[in-house]
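Visitor: I would like to go through this model with some care before I use any of its details. Could you guide me?

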Amino acid sequence: TDAIAPAWRAWVDPMARLVTDALPAYRRIGQSYPSHLTVNHSKRQYAGTDVDSGERVHVNTAESYHALLRRMVVGVHHWISGKHLDRYAAATHAWNHRTRDTATLMSLLARPAEPLPFRVLTA
């Protein structure tokens, strides 16, 4: 929890309704949010229903994005460093525009966010 909490708080709106899997660290973080719903994959639960709103909840969208990022690393970049992780994660732009045609989406995923001079890359 201590390792992910600062990043979580920096990026997630404090008034957000959280939907996560059942990782214990998320349970603790979720206590500071107004709503935190979970799905427990170890109990074969992949979606559920929010008892207050009746809305279906799942983490499939987040898992799909992570799978896309992993495929991009393995298929295009082959390896990533922590130093440049933010550049790889910039694929969120392409993900957020996924309604574009497949060729455009793949070209967005295959190129870096901006050219990076070699001396900067290796510094």
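The questions below turn to confidence, then to an aromatic pair, and then to a loop residue.

Visitor: Which helix has the lowest mean pLDDT among the elements of the chain?

Guide: This is a predicted model, and the chain as a whole has a mean pLDDT of 77, with 78% of its residues reaching 70 or more. Where pLDDT is low, predicted coordinates should not be read in detail. Among the elements, the highest mean, 87, belongs to helix α2 (residues 24–30), whereas the lowest, 63, belongs to residues 91–96, which form helix α5.

Visitor: Is the pair of W8 and Y26 stacked, edge-to-face or tilted?

Guide: A search of the whole structure finds 1 aromatic pair, and the ring centres of W8 and Y26 lie 5.2 Å apart. The pair links distant parts of the chain, since W8 sits in helix α1 (residues 5–11) and Y26 in helix α2, 18 residues apart. Stacked planes would be under 30 degrees apart and edge-to-face planes over 60; the planes here are at 40°, so the pair is tilted.

Visitor: Which residue has a positive phi although it is not a glycine?

Guide: The residue lies in the loop between β2 (35–39) and β3 (47–49), and its relative accessibility of 68% makes it exposed. Its phi is about 60°, and the residue is R44.

Note on methods
Residues are numbered from 1 along each chain as its sequence is written. This is a predicted model: local features need pLDDT of at least 70, side-chain atom pairs count only at pLDDT 80 or more; totals for chains, interfaces and linings use all residues. Side-chain values use heavy atoms; hydrogens and water are left out. pLDDT is the predictor's confidence in each residue, from 0 to 100. Helices (H or I, at least four residues) and strands (E, at least two) are DSSP runs, numbered from the N terminus. Rings of Phe, Tyr and Trp (its six-membered ring) pair if their centres lie within 6.5 Å; planes under 30 degrees apart count as stacked, over 60 as edge-to-face and the rest as tilted. Buried means under 20% relative accessible area, exposed over 50%, partly exposed in between (1.4 Å probe, protein chains only).
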